[in-house]
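Dear colleague,

Please find below the structure that I am handing over to you.

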Amino acid sequence: MEFPSNPFRTHGGVKAPHRKNTCKQPAVMMPPPEQVIIPLVQHIGAPCAPLVKAKDPVLVGQKIAESSAFLSAPIHATVSGTVASITEVTLCNGQSVQAIVLHSDGTMTVSPDVQPPVVNSKEEFLQAVKESGLVGLGGAGFPTHVKLNVPEGKQVDTLLINGAECEPYITTDHREMLEDGEAVLDGIFAVKQYLNIPRAIIGVEANKPDAIKYLKDLLARDSRNSDHSVGVLTLRARYPQGAEKVLVQAATKRIVPEGKLPLDVGCIVMNVTSVGFLGNYLKTGMPLISKRVTLDGSALANPQNVIVPIGTKISDAIAFCGGYKEEAKKIILGGPMMGFALFSEEHPIIKQNNGVLVLNEKQARLLKPSACIHCGFCLEVCPMHLMPSLLEKYTEVKDTDELKDLSVMTCMECGCCSFNCPAGRPLVHSIRLGKTLVRKADAAAKARAEAEAKKAAQQAKTED
């Protein structure tokens with residue numbers, strides 16, 4: 001298939017400051033902490049059920065939780081030691097979930113069950129991906145084996161590898177490409193082979209020239225790419241270039257319709273760290289037990305990229321980076337555009353987390369909102385052609401019908417509207433609330449319909 005020489009034009013976006021302070025720093029392996037907290041929901045879909053109980057011994061890579069549901073992903077021990085307890089924790093989105101607390105013995109002894117998977121077919125490949133526990137590592141957390149299980153009747157001709165990493169501060173994907181570039185290519189060629197996808201496009205923003213050059217050099221020497229079916233596309237350095245639908249349009253000129261997925265226009269999108277992990281897993285059999293995380297911010301003593309066992313408390317990761325050099329007024333899990341402000345530094349780092357920002361008072365200070373001046377700047381930068389100011393208005397009055405008419409559920413919550421608002425309006429926060437209102441209204445309507453149907457059925461049965 002034809003390979004694009006330049007990205008296609010996309011709508012909206014902002015020139016957010018890059019602040020890639022740690023892009024030149026190789027990731028450092030953090031020693032196992034004394035305790036890890038492993039939530040049993042680290043993915044979109046059904047929660048896992050524990051396979052262990054308190055006081056059970058565990059080894060690195062041992063499966064400790066899983067679900068029989070298709071939309072789910074198993075969870076593995078990230079340290080060796082013992083199960084301290086099975087408790088309940090609150091995630092950054094307010095969701096309360098079960099969690100397994102492990103006490104580390106410090107040895108990181110690997111389970112004998114960790115063996116390279118035997119893969120000779122598409123079915124075996126998908127099963128291996130599921131057993132690895134892999135979810136989208138770019139932030140969404142969608143189980144990868146589900147994404148790669150293409151339904152009958154769907155045709156995929158393009159595998160898109162998301163190496164844009166457009167969020168300010170975060171550099172984990174950048175370091176993945178530089179430190180594990182060969183594994184990235186191994187993962188790409190495996191997905192291409194077993195899913196029979198003709199071409200793969202690795203999209204990397206122009207502010208990462210070293211990663212672009214390195215991947216191009218690797219591909220030029222790789223005999224598997226003799227047909228030039230895999231290539232690197234240099235993207236504009238503009239936020240949110242890494243958003244799934246924006247990337248599809250930039251790389252293929254295809255527009256994903258409202259309510260549809262990239263699969264509906266012949267594309268599968270994978271994060272570059274996800275595909276890099278997959279390349280390593282097929283060789284080693286080690287499931288997803290660790291995560292490269294960028295720790296940065298004005299209040300942090302030693303910003304750096306750190307590879308931590310999944311379940312590591314943010315407080316332990318901060319301590320590993322030298323602690324605070326001044327008082328932290330805000331800790332954000334993720335980047336400043338789409339991340340969540342935390343209520344506690346004891347929150348565990350999970351599979352899809354890729355950054356922790358520790359901000360001082362100056363950086364944490366927000367603009368005081370003033371009245372909307374109807375400038376239209378939020379409309380100009382919305383990648384999805386939405387009207388954020390109107391969505392905010394109808395959220396305030398809880399008009400779910402208008403919110404639906406204005407396609408509130410299409411919002412990707414990128415935050416461009418809030419970033420670009422001269423009045424300092426918290427637009428994306430209002431839209432998130434609006435989406436919650438719509439979900440609740442839909443759930444209530446569904447419940448009423450089911451109750452009425454049940455009542456009608458009982459009445460008909462009585463009449464008979």
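**The largest cavity**

The lining of the largest cavity consists of 14 residues, and those nearest its centre are Cys382, Pro383, Cys411, Cys414 and Cys417. A cavity is a set of points, on a 1 Å grid over the protein atoms alone, where a 1.4 Å probe fits but cannot get out; lining residues have an atom within 4 Å of a point. Please note that this is a predicted model, in which local features need pLDDT of at least 70 and side-chain atom pairs count only at pLDDT 80 or more, while totals for chains, interfaces and linings use all residues. Residues are numbered from 1 along each chain as its sequence is written, and side-chain values use heavy atoms, with hydrogens and water left out.

The volume of the largest cavity is about 110 Å³, a volume being the space filled by probe spheres set on the points, which are joined across faces, edges and corners. Helices α11 (388-396) and α14 (427-463) are the elements that give two or more residues to its lining; helices (H or I, at least four residues) and strands (E, at least two) are DSSP runs, numbered from the N terminus. In total, three cavities of 30 Å³ or more were found.

**Aromatic rings**

The whole structure holds two aromatic pairs. Rings of Phe, Tyr and Trp (its six-membered ring) pair if their centres lie within 6.5 Å; planes under 30 degrees apart count as stacked, over 60 as edge-to-face and the rest as tilted. Phe125 and Tyr194 are stacked, at 5.0 Å centre to centre with 15° between the planes. This pair links distant parts of the chain, with Phe125 in helix α1 (residues 122-132) and Tyr194 in helix α4 (residues 181-195), 69 residues apart. Both Phe125 and Tyr194 are buried (under 20% relative accessible area, with exposed over 50% and partly exposed in between; 1.4 Å probe, protein chains only).

Phe277 and Tyr281 are also stacked, at 5.9 Å centre to centre with 20° between the planes. They are about one helical turn apart because they lie four residues apart in helix α7 (residues 272-284). Phe277 is buried at a relative accessible area of 12%, and Tyr281 is buried at 6%.

**The sheet**

Four strands form an open sheet in the order β2-β8-β7-β4, with antiparallel pairing; two strands pair if DSSP finds at least two bridges between them. Strands β7 (residues 81-90) and β8 (residues 96-104) pair over nine bridges, and Ser85 has Val101 in β8 as its bridge partner.

Yours sincerely

Notes: 1 Å grid on protein atoms, 1.4 Å probe; cavity = no way out; pocket = protein on both sides within 12 Å on 5 of 7 lines; lining within 4 Å.
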